[in-house]
Amino acid sequence: MTSLRVGLAGTGRIGTSHAETLKTLPGVESVIVTDADTARARTAADKLDVEYAADLEALFAAGIGALVVTTATDSHPELITAAVERGVPVFCEKPIAADIAGTLDVVRRVADSTTPVQIGFQRRFDAGYRAARSAVASGELGWVHTLRATTLDPAPPPAEYIPRSGGIFRDCGVHDFDIIRWVTGREVTEVYATGGNRGERFFADAGDVDTAAVVLRLDDGALATVSLSRYNGAGYDVRLEVLGSRGNAVVGLDDRAPLHSVEPDYPPSPLPAYPGFMDRFRGAYTEELATFVGVATGQLINPCPPADALEAFYIAEACELSRREGRPVPVSAVR
């Protein structure tokens, strides 16, 4: 396998974790990090024992063969296009951009390029979600009539994050929308979304909600529900139930699921709940980055190009419109 020098832009929590993972992957010669916060980037480089670049130009000048983007959303379009223009394969955490117009602009800019751009939807690399997808594709579940998805955070993110997050559907629910499409192989045609605020005031101040519920209609008539919250005190709870005419498949139902039965004869879970997404999906993130290395070196086909990620963003956009207007919204209305 070709050995890569991998650049990483953005040394926050997930960026630092990705840099640490990249160091261990076959095919990665070295890792070079940068950040708009140069002090943070230097600290991360020293801690991880990787190289440091003062800025993006210095990162490209270092001869990187691939770029991993974990910066704030508003910088994603610039970083993606800068890499593609230089022929450097890109892995970018979702979303591509902060809105549909910005996302479409990036999709159009990279559409004719042979340089791959892989968007980060780590659930596609989780063993449970992959098993559910196989169960649907094989027909063992019969025809799917209902899906139930949850993404419930144990505590809200910092207040300063919310105004730049894009809202609960674009920031949080988009993972559920993507995985419902991916597991079923179907498209979402209509959404109805609602939400509420019973927690910190900063959600409402940003025009967002801290809890939401969504009903999705798929193009084959199946229905899906998505439950989202920033306040699940029992722990991080991400699950998917796929219910069919002959059977079902459930992702995330294990001894670390934060579900507390009140049935008198049912024993409590022996293990603590996952504290957050980094712990729950650690293996999936590793597999995702290993796949990107394969994509960047021409060994693998890109599993999540921008045009595919755009579809989940359309669903999120329709949900936000539905919540604000209190009505069902066809996804075609936001295209």
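A salt bridge here is a side-chain nitrogen of Lys or Arg within 4 Å of a carboxyl oxygen of Asp or Glu. The model is predicted: local features need pLDDT of at least 70, side-chain atom pairs count only at pLDDT 80 or more, and totals for chains, interfaces and linings use all residues. Residues are numbered from 1 along each chain as its sequence is written, and side-chain values use heavy atoms, with hydrogens and water left out.

**View 1. Arg335 and Glu311 form a salt bridge.** The N to O distance is 2.6 Å. Arg335 lies in the segment after β13, and Glu311 in helix α11 (residues 306-325), so the pair ties together parts that are 24 residues apart in sequence. Helices (H or I, at least four residues) and strands (E, at least two) are DSSP runs, numbered from the N terminus. Glu311 is buried, with a relative accessible area of 17%. Buried means under 20% relative accessible area, exposed over 50%, and partly exposed in between (1.4 Å probe, protein chains only).

**View 2. Arg124, Asp178, Arg181, Glu187 and Asp308 belong to one salt-bridge network.** Shared partners join these residues. Side chains of opposite charge can pair when their charged atoms come close. By the rule used here, the count comes to 26 salt bridges.

**View 3. Asp153 pairs with Arg230 in a salt bridge.** Their closest N and O atoms are 3.4 Å apart. Asp153 sits in the loop between β7 and α7, and Arg230 in the loop between β10 and β11, so the contact ties together parts that are 77 residues apart in sequence. Both Asp153 and Arg230 are buried.

**View 4. Arg186 and Asp219 form a salt bridge between two loops.** The closest N and O atoms are 2.8 Å apart. Arg186 lies in the loop between α7 and β8, and Asp219 in the loop between β9 and β10, so the pair ties together parts that are 33 residues apart in sequence. Arg186 counts as partly exposed, at 32% relative accessibility. Asp219 is also partly exposed, with a relative accessible area of 37%.

**View 5. Seven strands make an open sheet with mixed pairing.** The order is β12-β11-β7-β10-β9-β8-β13. The edge strands are β12 (248-251) and β13 (329-330), each pairing on one side only. Two strands pair if DSSP finds at least two bridges between them. Strands β7 (residues 144-152) and β10 (residues 223-229) pair in the parallel sense over seven bridges. Leu147 stands opposite Ala224 in β10.

View 6. Axes are lines fitted to C-alpha atoms, for helices over the stretch in contact (heavy atoms within 4.5 Å).

**View 7. Tyr192, Val215 and Leu223 make a nonpolar surface patch of about 230 Å².** Patches are made of residues with over 30% relative accessible area and no salt bridge; like charges are joined within 9 Å, and nonpolar side chains (Val, Leu, Ile, Met, Phe, Trp, Tyr) within 5 Å. Accessible areas come from the Shrake-Rupley method with a 1.4 Å probe; for residues, only the protein chains shown count as cover. Val215 lies in strand β9. At 39% relative accessibility, Val215 counts as partly exposed.

**View 8. Six strands make an open sheet with parallel pairing.** The order is β3-β2-β1-β4-β5-β6. At the edges stand β3 (51-52) and β6 (117-120), each with a single partner strand, so one side of each has no neighbour in the sheet. Strand β1 (residues 4-9) pairs with β2 in the parallel sense over six bridges. Leu4 stands opposite Val28 in β2, and Leu8 has Val33 as its bridge partner there. Six of the seven residues of β2 (residues 28-34) are buried, so this strand is largely enclosed by the rest of the structure.

**View 9. Leu271 lies in the loop between β12 and α9 (277-280).** Leu271 counts as partly exposed, at 46% relative accessibility. Leaving aside neighbours within four places in sequence, Leu271 is in contact with Asp255 and Arg256. The C-alpha atoms of Leu271 and Thr291, 20 residues apart along the chain, are separated by 30 Å.
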